[in-house]
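Work through the exercises below with the coordinates open. Each task is followed by a solution in steps.

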Amino acid sequence: MDPTDDQFAAYRRMYDYFNRALFAGSLRPVILNFSRAANSLGFFAPERWERGTNTTHEISLNPAYLKARPARDVASTLVHEMAHLWQQECGTPGRRGYHNEEWAQKMDELG
């Protein structure tokens, strides 16, 4: 058993499932990460990672809340951040870190 592989594989499966089920598979792969950012359940960071001339977005969840919150709430946080990714790729993002009307409408659409 490799706890790193197990944890990241579960995270990847959640991302892939919600991408198919809620976004019709339209979201591109991103760096999935864990970060203990203060006062944050998770975050989306556009173009955070660089490899040559390519950039990749990051979605990070705070591991401090993975065990403390119900699985449904953790999944909801992931979908919340995936909506930011959708808006970055398909819409017009608001000011850094802020939600706007377009993002709220997407969240309503997602349920």
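Predicted model: local features only at pLDDT ≥ 70, side-chain atom pairs only at ≥ 80, totals over all residues.

**Exercise 1.** Carry out the analysis of phi and accessibility for Glu 47.

Solution. Step 1: Glu 47 belongs to strand E2 (residues 42-51). Step 2: phi of Glu 47 is near 50 degrees, again a positive value in a residue other than glycine. Step 3: with 46% relative accessibility, Glu 47 counts as partly exposed.

**Exercise 2.** How many aromatic pairs does the structure hold? Describe the geometry and accessibility of the pairs Phe 8 with Phe 34 and Tyr 17 with Phe 18.

Solution. Step 1: a pair of aromatic rings is described by the distance of the centres and the angle of the planes. Rings of Phe, Tyr and Trp (its six-membered ring) pair if their centres lie within 6.5 Å; planes under 30 degrees apart count as stacked, over 60 as edge-to-face and the rest as tilted. The structure holds 3 such pairs.

Step 1: Phe 8 and Phe 34 are 5.0 Å apart centre to centre, with 65 degrees between the planes, which is edge-to-face. Phe 8 lies in helix H1 (residues 3-23) and Phe 34 in strand E1 (residues 31-34), so this pair ties together parts 26 residues apart in sequence. Phe 8 is partly exposed at 32% relative accessibility, whereas Phe 34 is buried at 19%.

Step 2: Tyr 17 and Phe 18 are also edge-to-face, at 5.2 Å centre to centre and 70 degrees between the planes. Tyr 17 is partly exposed at 46% relative accessibility, and Phe 18 is buried at 15%.

Step 3: ring pairs join Phe 8, Tyr 11 and Phe 34 into a cluster.

**Exercise 3.** At what angle do the axes of H1 and H2 cross, and which residues make the contact?

Solution. Step 1: the axes of H1 and H2 come within 10 Å and cross at roughly 60 degrees. Axes are lines fitted to C-alpha atoms, for helices over the stretch in contact, and angles run from 0 to 180 degrees between N-to-C directions. Step 2: H1 and H2 are therefore oblique to each other; angles under 35 degrees count as roughly parallel, over 145 as roughly antiparallel, 65 to 115 as roughly perpendicular and the rest as oblique. Step 3: the crossing of H1 and H2 is right-handed, meaning that the near helix is turned clockwise from the far one by less than a right angle, anticlockwise being left-handed.

Step 1: contact means heavy atoms within 4.5 Å. From H1, the contact is made by Tyr 11, Met 14, Tyr 15, Phe 18, Asn 19, Leu 22 and Phe 23. From H2, the residues are Val 74, Ala 75, Leu 78, Val 79, Met 82, Ala 83, Leu 85 and Trp 86. Step 5: by class, this contact of H1 with H2 has 14 nonpolar, 1 polar and no charged residues. Ala, Val, Leu, Ile, Met, Phe, Trp, Tyr, Cys and Pro count as nonpolar, Asp, Glu, Lys and Arg as charged, and the others, Gly among them, as polar.

**Exercise 4.** Which residues of H2 and H3 make their contact, and is Lys 106 buried or exposed?

Solution. Step 1: the axes of H2 (residues 71-90) and H3 (residues 101-110) come within 10 Å and cross at roughly 125 degrees. H2 and H3 are therefore oblique to each other, and their crossing is right-handed. Step 2: H2 contributes Val 79, His 80, Ala 83, His 84, Trp 86 and Gln 87, and H3 contributes Glu 102, Trp 103, Lys 106, Met 107 and Leu 110. The contact of H2 with H3 has 6 nonpolar, 3 polar and 2 charged residues.

Step 1: Lys 106, in helix H3, counts as buried at 8% relative accessibility. Not counting residues up to four places away in sequence, Lys 106 touches Phe 23 and Trp 86.

Notes
Residues numbered from 1 in each chain as written. Heavy atoms only, no water. Helix = DSSP H or I, 4+ residues; strand = E, 2+ residues; numbered from the N terminus. Buried < 20%, exposed > 50% of the residue type's maximum accessible area, 1.4 Å probe, protein only.
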